[in-house]
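Colleague: I have a model open and would like to learn how to read it. Could we go through it feature by feature?

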Amino acid sequence: MASLTPLIISSRPRIIIHGGAGNITRANLPPPAWALYRTSLLHILHSTSALLASGASALDAATSAVTSLEDNPLFNCGRGAVFTRAGTIELEASVMVSRDYRKRGVGVALVKKVRNPIKLAREMLVRGETDGGGGGNGGGDGDPAGGSGGAQGHCFLSGTTVEELAEEWGLEMCEEKWHWTKRRWEEHRRGLGEKQVPKWNEVMEQRDTEKSMEDGMGDLDWDGKEYLPQGTVGCVCLDQYGTLCVATSTGGLTNKLPGRIGDTPTLGAGFWAEEWEVPSVTLFRQPQAISLLQAILSDSLRESISACIPSLAGYLPLPASTSSLQDEKRPRTIKCGAAMSGTGNGDSFLRINAVRTAAAISRFAPNRPLSLAVKQIAGPGGELEASAGNRWGKTGEGEGGIIGIEVVDGKGEVVFDFNCGGMFRVWVDDKGQERAMVFKEEY
């Protein structure tokens with residue numbers, strides 16, 4: 001593993017987690033359902049915060065959080081992932097750090113037999129330190145498989161290739177049906193316009209005997225009212241070493257076409273982390289106006305005159321040092337950084353390269369904090385919404401949100417915004433309090 005070189009002596013760890021976004025309303029998320037989401041998210045937030053407080057890296061903490069989300073059937077990832085139109089599940093995941101690893105960011109897609117795709121993405125990132133470098137010339141030490149790294153320097157792999165690497169690397173594998181849940185199956189069939197949902201035990205029996213599930217598929221139908229998951233889960237962390245990490249995982253869009261790859265594993269579209277330096281000038285003590293008497297009289301003589309003529313005391317300030325007669329400007333460098341995870345309609349995120357665009361606005365536009373950049377992209381009336389055109393509110397296009405952390409001179413700030421009904425999110429606020437929300441206002 002790469003060494004963790006602090007940006008500064010110490011940073012205060014920060015964390016934010018999201019559990020998906022979309023057409024969430026109080027009608028399709030009644031109080032008992034919200035209580036389940038809230039409890040699960042806060043539990044993951046609490047355990048991940050404890051990891052960061054104990055000195056864990058942002059990479060380890062973010063991976064841990066998303067692993068817990070993948071194992072929870074409430075969320076559209078891992079065990080709770082949505083189905084494709086063909087009735088299969090194809091998973092995606094990604095991780096990215098602001099520094100310390102050569103690849104910085106990796107994505108995996110079309111994963112079916114790995115229990116936790118986020119662990120696969122992490123392994124691919126870490127093993128990149130021993131890769132021989134990408135391209136078609138093989139890996140380190142002449143090994144065409146990529147040396148001990150095994151990913152040949154690549155930042156994005158999918159399907160059987162990456163699953164074979166996962167097994168080679170000793171990650172936990174599983175049968176495809178481990179990811180199936182009854183709830184997602186019923187959403188799948190209703191989304192296809194099925195009038196009657198097949199019984200779950202019949203589905204499992206058919207799958208076990210490898211019978212086709214594609215007969216009788218209707219045209220895609222969605223009334224815009226039911227919450228059909230199209231988002232992801234994600235976690236953004238800042239550790240005490242000043243490193244940012246984002247980890248993201250998803251099952252994709254409900255009833256997507258098989259083979260579709262979204263924004264979650266695509267660098268810049270659904271996840272991003274970077275850091276940079278900006279020059280800064282710190283102004284020290286400003287010069288004081290001095291009188292002619294101050295300039296020509298000695299300290300002792302001034303004190304004697306002030307004692308005899310008190311009215312002059314206000315005109316005889318203590319002398320300024322020679323160095324303070326002009327501004328002292330000492331140029332220095334300020335470390336800045338940003339990390340974000342997107343959730344929502346991935347095709348819309350792809351079209352505008354959403355999260356990298358937000359990072360670029362913050363980095364290159366003057367006086368543009370990340371919170372405003374995220375609002376410009378994912379807030380109401382922002383670029384995501386505009387990308388849907390006249391289809392906004394009809395197809396789910398353009399819907400989504402972004403969570404992130406901005407770092408300026410070692411201080412982290414949590415940011416988020418969304419343009420749709422709701423976004424599941426938990427974070428630790430500036431006062432150290434754990435927060436959980438889904439709508440713009442408290443539930």
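Colleague: What span should the 13 residues of helix H2 (residues 58-70) have, and how far apart are its end C-alpha atoms?

Modeller: This is a predicted model, so every value here is computed from predicted coordinates. At 1.5 Å a residue, H2 should span 18 Å, and its end C-alpha atoms are 18 Å apart, which agrees. Helix H1 can be checked in the same manner: its 23 residues should span 33 Å, and the end C-alpha atoms are 32 Å apart, which agrees.

Colleague: How many of the residues of H2 are buried?

Modeller: Ten of the 13 are buried, so H2 is largely enclosed by the rest of the structure. Among them are Ala58, Leu59, Thr63, Val66 and Glu70. The cover over these buried residues includes strand E1 (14-22), helix H1 (31-53), strand E2 (91-97), helix H3 (117-127), strand E5 (233-238) and strand E6 (244-250). H2 lies across E1, E2, E5 and E6, and runs at about 20° to E6.

Colleague: Which residues of H1 are buried?

Modeller: An α-helix has 3.6 residues a turn, so residues three or four places apart point the same way. In H1 the buried residues include Trp34, Tyr37, Leu41, Leu45, Thr48 and Leu52. The buried residues of H1 pack against E1, H2, helix H5 (182-191), E5, strand E11 (422-428) and E12. After H1 comes Gly55, with a positive phi near 105°.

Colleague: In what order do the eight strands of the open sheet run?

Modeller: The order is E4-E3-E2-E6-E5-E1-E11-E12, with mixed pairing. Strand E4 (156-158) and strand E12 (434-437) stand at the edges with a single partner strand each, so one side of each has no neighbour in the sheet. On average, neighbouring strands are turned by 10° against each other, direction ignored.

Colleague: In which sense do E2 and E6 pair, parallel or antiparallel?

Modeller: Antiparallel, over six bridges. Ser94 stands opposite Thr248 in E6, and in E3 the bridge partner of Ser94 is Gly107. E2 and E3 also pair in the antiparallel sense, over five bridges. E3 and E4, by contrast, pair in the parallel sense over three bridges, and Ala109 stands opposite Ser158 in E4. Strand E3 (residues 105-111) has six of its seven residues buried, so it is largely enclosed by the rest of the structure.

Colleague: Which residues have the most contacts inside the largest nonpolar core?

Modeller: The general idea first: in soluble globular proteins, nonpolar side chains tend to be buried together. Here the largest nonpolar core has 59 residues, and those with the most contacts inside it are Ile17 and Leu120. Setting aside neighbours within four places in sequence, Leu120 is in contact with residues including Val108, Val111, Val162 and Trp169. A second, separate core of 40 residues includes Val246, Ala358, Ala359 and Ile377.

Colleague: Where does pLDDT stay under 50?

Modeller: One such stretch is residues 5-9, for which the model has twelve contacts beyond four places in sequence. Over residues 322-327 the pLDDT is also below 50, with eight contacts beyond near neighbours in sequence. Where pLDDT is low, the predicted coordinates should not be read in detail. The protein chain averages a pLDDT of 83, and 73% of the residues score at least 70.

Key
Residues are numbered from 1 along each chain as its sequence is written. This is a predicted model: local features need pLDDT of at least 70, side-chain atom pairs count only at pLDDT 80 or more; totals for chains, interfaces and linings use all residues. Side-chain values use heavy atoms; hydrogens and water are left out. Helices (H or I, at least four residues) and strands (E, at least two) are DSSP runs, numbered from the N terminus. The expected span of a helix is 1.5 Å times one less than its number of residues. Buried means under 20% relative accessible area, exposed over 50%, partly exposed in between (1.4 Å probe, protein chains only). Contact means heavy atoms within 4.5 Å. Two strands pair if DSSP finds at least two bridges between them. Axes are lines fitted to C-alpha atoms, for helices over the stretch in contact, and angles run from 0 to 180 degrees between N-to-C directions. A nonpolar core is a set of buried Ala, Val, Leu, Ile, Met, Phe, Trp, Tyr and Cys residues joined through side-chain atoms within 4.5 Å. pLDDT is the predictor's confidence in each residue, from 0 to 100.
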